[in-house]
Amino acid sequence: MNFFWVVNGKRFKQYLIIIIASFFAALIAFIEAQDLEVFKTKDGDPRAIYKGEEKGKRIALTFDVSWGEKRIHEILNLLEREKIDDTTFFLSGEWAERHPDIVEKITKNGHEIGSLGYRYKSYTDLENDQIKRDMAKAQQIINEVSGQKPVLLRPPNGHFNKEVLDIAERLNQTIIQWSINTHDWKNPGAERIAETVLSQAKGGDIVLLHASDSVKQTKEALEKIISELKKDGYTFASVGELIANTDSKTKEIK
């Protein structure tokens, strides 16, 4: 007995188009997910980066600095000895204004500079006009002191919301968070700080460290972090370098 299948050509074509479109949509989403991991607003717009590309074994060491001058010299000297000249220092504008000599040392050693705001006050506790003034003033001061106009912004304490994201974007600044938080400011012990990084490290990670005088164990922990990551074949990059190939994906999609 012979069987015959009758297919509605028009309907078949519609199903085929839907299947193909779904395939390409999934493929694009997968590719974008490999490039950058970002915080997203409710409407799905990528805005604040916390991790870079996973291709290759590159990691960004970042240091927040808002007060003091002892620890940062120790850390800068260590990085110089290890021939690492491509980390990112997020500076509060007020601190940079008071320590132009240290800012000069950071830039001369080849490191990237980002903004930590001016007065290091949580933006989620401020009015929009206050946030804008603080961001703009920090950007201006850091530019005057360092010769680098910061385009990367880490909000004080890492606190931000949609309003903060929108204001930063209008000032042409990209908000940078982190994928590994060492909690080194709590001084939990150099071994614990190092293990936090080494147990989680993957290509594209952005590591949060501090270089203010409150951190007493970061330099010791950093010695082990650098040594072990190098042994594992990792190299170091500034945040700007880490996100360079995918930076456009942080802009608002309308």
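Which side chain does Lys-224 meet in a salt bridge?

**View 1. Lys-224 and Glu-191 meet through their side chains in a salt bridge, with 2.9 Å from N to O.** A salt bridge here is a side-chain nitrogen of Lys or Arg within 4 Å of a carboxyl oxygen of Asp or Glu. The pair links distant parts of the chain, since Lys-224 belongs to helix H8 (residues 218-231) and Glu-191 to helix H7 (residues 190-198), 33 residues apart; helices (H or I, at least four residues) and strands (E, at least two) are DSSP runs numbered from the N terminus. Lys-224 is partly exposed at 30% relative accessible area, while Glu-191 is exposed at 54%, where buried means under 20%, exposed over 50% and partly exposed in between (1.4 Å probe, protein chains only).

The model is predicted, so local features need pLDDT of at least 70 and side-chain atom pairs count only at pLDDT 80 or more, whereas totals for chains, interfaces and linings use all residues. Residues are numbered from 1 along each chain as its sequence is written, and side-chain values use heavy atoms, with hydrogens and water left out.

**View 2. Glu-94 forms a salt bridge with Arg-119, their closest N and O atoms being 2.8 Å apart.** Glu-94 lies in helix H3 (residues 93-98) and Arg-119 in the loop between strand S5 (112-115) and helix H5 (128-146), so the pair ties together parts that are 25 residues apart in sequence. Glu-94 is partly exposed, with a relative accessible area of 25%, and Arg-119 is also partly exposed, at 43%.

**View 3. Within helix H8, Glu-228 and Lys-231 lie three residues apart, about one turn of the helix.** Their side chains meet in a salt bridge of 3.6 Å, N to O. Glu-228 is partly exposed at 25% relative accessible area, whereas Lys-231 is exposed at 60%.
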